[in-house]
Amino acid sequence: MQKVAFIGLGVMGYPMAGHLAKAGHEVWVYNRTQTKAQAWQQEYHGQVANTPKQAAQHADIILLCVGNDDDLRQVMLGEEGVVAGLSPKKIVVDHTTTSARVAREMAEICAFHQVSFYDAPVSGGQAGAQNGQLTVMLGGDPQAFAVVQQTIAAFAKFSKLLGPVGNGQLAKMMNQICIAGIVQGLAEALHFGQQAEMDCAAVIEVISQGAAQSWQMQNRYQSMLQGHYEFGFAVDWMRKDLGIALDEARANGSTLALTALVDQFYADVQKQGGNRWDTSSLLARLKHN
Ligand code: NAP
């Protein structure tokens, strides 16, 4: 069993930290809004730290899941941040979806303190975090990876080291690029079917048996047809992730025509007031137009 710190008890972090406690690890948590940390403690009986530094001091492995690049910098580098609580041989694992650049920046600072840093974004959404069924894509040093993998197994059904620091984030970008195109395709098919006055549910029953099948089709077509868009990953988060992918594409010379287009479609959804709708709300945009 490990001494673990978990920083950022949001939609994802709260249940992830809970799985670590349930697996028997000694868990210290920190959350900026303290009431969430107190609620977590009531539920899982771990320890609450007053600062990220204090949480890091108590742990051998420090896991984080905050919002974006700036949040990660604040929680790591602030006066009372994680870095101020580091000492040699500790391990930092960041589950936030960020740029690869900030991951490399954090790894360099950690290395100065003889600490290994892993970028470890996740896929599987809120349900995956709650059920302990996340997929984790990691970048970092192979040396300490076995310890990391064993620890995150508390909430991960699958995890893989994909190369040096930054590669976890690059893999997550590939994941989001795939999702953007697939969701837009599904939204267009349903929109087309509705305009043609087809029984879309019946059509999906047929075509989901063939090559058009996808996770999005299986899990979202019903709620999309009902116009319900409260099922997970929010449009604001998706725009953050696509923005990161598009920046990276500009840097590495790849052409992401479809991703750039779908990113703009999500901007339209935001204008419709859909910031917190889930990513399948691309259909709402087509209906609105
Ligand atoms: P969330 O519910 O908004 O939680 C964000 C957490 O980070 C909160 O605990 C928040 O603290 C903390 N935080 C944010 N900025 C901070 C700062 N500057 N200093 C200290 N703490 C800060 O977000 P989430 O849905 O859990 O997502 C977290 C990360 O996972 C994001 O990078 C997201 O892209 C990624 N992700 C999310 C999903 C999903 O389905 N939600 C799926 C895959 C990946 P407060 O409580 O004080 O606000």
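**Note on the predicted model**

1. W28 stands opposite Q47 in β3. Strand β2 (residues 26–30) is paired with β3 in the parallel sense, over two bridges. Strands (E, at least two residues) and helices (H or I, at least four residues) are DSSP runs, numbered from the N terminus. Two strands count as paired if DSSP finds at least two bridges between them.

2. Some words on the source. The model is predicted, so local features need pLDDT of at least 70 and side-chain atom pairs count only at pLDDT 80 or more, while totals for chains, interfaces and linings use all residues. Residues are numbered from 1 along each chain as its sequence is written, and side-chain values use heavy atoms, with hydrogens and water left out.

3. Which order do the strands of the six-stranded sheet follow? The order is β3-β2-β1-β4-β5-β6, in an open sheet with parallel pairing. At its edges are β3 (47–48) and β6 (116–119), each of which pairs on one side only. Helix α5 (residues 100–112) packs on this sheet and touches β5 (91–94) and β6. The direction of α5 makes about 165° with that of β6. Axes here are lines fitted to C-alpha atoms, for helices over the stretch in contact, and angles between N-to-C directions run from 0 to 180 degrees.

4. A further open sheet has three strands in the order β7-β8-β9, with mixed pairing. Its edge strands are β7 (122–123) and β9 (156–161); each has a single partner strand, so one side of each is left without a neighbour in the sheet. β7 pairs with strand β8 (residues 134–138) in the antiparallel sense, over two bridges. V122 stands opposite V136 in β8. α8 packs on the sheet, where β7 and β8 are touched, and the direction of α8 makes about 130° with that of β8. As background, strands of a sheet pair through backbone hydrogen bonds, either parallel or antiparallel.

5. How do helix α4 (residues 69–77) and α5 cross? Their axes come within 10 Å and cross at roughly 10°, which makes α4 roughly parallel to α5. By definition, angles under 35 degrees are roughly parallel, over 145 roughly antiparallel, 65 to 115 roughly perpendicular, and the rest oblique. D69, L72, R73, M76 and L77 of α4 make the contact with R101, V102, E105, M106, I109 and C110 of α5. Contact means heavy atoms within 4.5 Å. By class, this contact has seven nonpolar, no polar and four charged residues. Ala, Val, Leu, Ile, Met, Phe, Trp, Tyr, Cys and Pro count as nonpolar; Asp, Glu, Lys and Arg as charged; the others, Gly among them, as polar.

6. α9 and α10 pack at about 175°, with their axes 11 Å apart, which makes α9 roughly antiparallel to α10. C200, A201, I204 and I207 in α9 meet M217, Y221 and L225 in α10. The residues of this contact divide into seven nonpolar, no polar and no charged.

7. In α10 (residues 215–226), Q216, M217, R220, Y221, S223 and M224 are buried. Buried means under 20% relative accessible area, exposed over 50%, and partly exposed in between (1.4 Å probe, protein chains only). What covers the buried residues of α10 includes α8 (167–195), α9 (200–207) and α13 (282–288). After α10 comes G227, with a positive phi near 70°.

8. Y229 lies in the loop between α10 and α11 (235–252). Is Y229 buried or exposed? At 6% relative accessibility, Y229 counts as buried. Leaving out residues up to four places away in sequence, Y229 touches M224, R276, W277, D278, S280, S281, L283 and A284. Y229 and D278 are 49 residues apart in sequence, and their C-alpha atoms are 5.2 Å apart in space.

9. How many disulfides does the whole structure hold? The search finds zero. A disulfide is taken as a pair of cysteine sulfur atoms within 2.5 Å. For the sulfur of C65, the closest cysteine sulfur is in C110, at 17 Å, too far for a bond. C65 is buried, with a relative accessible area of 13%, and C110 is buried at 0%.

10. Two residues other than glycine have positive phi: K89, near 80°, and Q114, about 60°. K89 is in the loop between α4 and β5 and is exposed at 74% relative accessibility. Q114 is in the loop between α5 and β6 and is exposed, with a relative accessible area of 58%.
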